[in-house]
Amino acid sequence: MDNRPIGIFDSGVGGLTAVPHIMRQLPKERLIYFGDTARTPYGSKAKSTITSFTRQIVDFLLHKDVKMLVIACNTITATCLDELPAYCKGVPVIGIIEPAARKVAREHDISNRIGIIGTKVTIQQKTYIKNITKYNPDLKLFDRACPIFVPLIEEGIIDHGIMELSVKHYLDEFVEENALDTLVLGCTHYPLIQPTIEKLYPHLKIIDPSFEIVHSIHKALVEGNLLAENPEAENIFYASDLSENFMNMINSIFGKESVKVDFKNFDLDILECK
């Protein structure tokens with residue numbers, strides 16, 4: 001047993017969508033979340049920049065003595081996952097793409113037409129297509145970058161006409177031309193606009209990687225003998241910019257949850273200190 005916290009991080013607020021699933025299915029685990037809200041979005045940045053920012057965040061979380069790192073960000077997973085295990089020196093690292101890829105490969109066949117949406121970097125890396133094809137090479141896969149979604153979500157523009165127009169701009173033609181029946185939300189921000197997507201395209205089956213990652217976390221905890229036994233865990237949420245939007249998102253996502261939450265803001269300079 002290991003009562004140390006699990007470290008979870010994202011480029012901003014999107015990774016918060018995975019946290020309620022983890023809390024419900026692993027209620028004894030303590031979580032430390034970091035959202036880089038001051039430097040979001042990552043999806044249009046150079047790989048070298050994303051890698052530098054990611055290492056700073058990882059250093060911060062490792063300093064908090066986390067027993068595991070969960071990358072609740074598709075962009076970071078697509079660009080940095082391969083190098084992080086060596087960098088983290090034995091601390092298990094779970095990325096968000098692989099669990100969803102396995103689900104898509106397992107539950108679909110050649111009759112399905114599967115769309116994947118994400119940030120520019122995630123789509124350019126073709127990480128979803130590579131991982132899904134590894135498990136099931138016969139599937140029909142299509143992808144599209146939707147770069148405006150994350151900035152709008154970070155600004156709290158979610159249940160709004162502007163967001164609906166943006167969704168239609170990126171997805172109307174993509175869904176129709178490819179005759180999609182399934183859509184993978186390849187960014188942890190996107191579950192926050194899932195109701196809008198479902199309203200506009202009710203025939204689509206939606207795959208949310210934020211939900212699927214919990215199974216991989218639990219498996220790694222069991223295999224590493226890292227499960228916690230303290231049911232009174234406190235969860236801490238850090239942000240590089242504790243903005244009103246971040247606080248509103250916390251309240252929106254966790255409003256119905258019975259959970260202790262300690263909100264902390266800190267200076268980005270801390271990330272430079274090891």
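Mentor: Before we start: contact here means heavy atoms within 4.5 Å. And keep in mind that this is a predicted model.

Trainee: Okay. Of the contacts with a separation of 6 or more, what share comes from residues 24 or more positions apart?

Mentor: Such pairs account for 79% of those contacts in the protein chain.

Trainee: How many helices and strands are there?

Mentor: The chain has 12 helices and 10 strands.

Trainee: And what's the radius of gyration?

Mentor: It's 18 Å, which agrees with a compact globule, since 274 residues would give a value near 19 Å. The C-alpha atoms fill a box of roughly 50 × 40 × 40 Å along the principal axes, and buried residues make up 56% of the chain.

Trainee: Switching topic: at what angle do helix 5 and helix 7 pack?

Mentor: About 50 degrees, with the axes 8 Å apart. That makes helix 5 oblique to helix 7.

Trainee: Is that crossing left-handed or right-handed?

Mentor: Right-handed.

Trainee: Which residues meet there?

Mentor: On the helix 5 side they include Ile-97, Ala-101 and Val-104, and helix 7 brings Tyr-128, Ile-132 and Tyr-135, among others. By class, the contact has 8 nonpolar, 2 polar and 3 charged residues.

Trainee: Now Thr-182. Where is it found, and is it buried or exposed?

Mentor: Thr-182 is in strand 7, which covers residues 182-185. Its relative accessible area is 1%, so it counts as buried; the cut-off is under 20%.

Trainee: What is Thr-182 in contact with, leaving aside neighbours within four places in sequence?

Mentor: Its partners are His-108, Asn-112, Arg-113, Ile-114, Gly-115, Leu-204, Lys-205 and Ile-207.

Conventions:
Residues numbered from 1 in each chain as written. Predicted model: local features only at pLDDT ≥ 70, side-chain atom pairs only at ≥ 80, totals over all residues. Heavy atoms only, no water. Axes fitted to C-alpha atoms, helices over the stretch in contact; angles between N-to-C directions. Helix = DSSP H or I, 4+ residues; strand = E, 2+ residues; numbered from the N terminus. Parallel < 35°, antiparallel > 145°, perpendicular 65-115°, else oblique. Left-handed = near helix turned anticlockwise from the far one by under 90°. Nonpolar A, V, L, I, M, F, W, Y, C, P; charged D, E, K, R; others polar. Buried < 20%, exposed > 50% of the residue type's maximum accessible area, 1.4 Å probe, protein only. Rg over C-alpha atoms; globule rule 2.2 N^0.38 Å.
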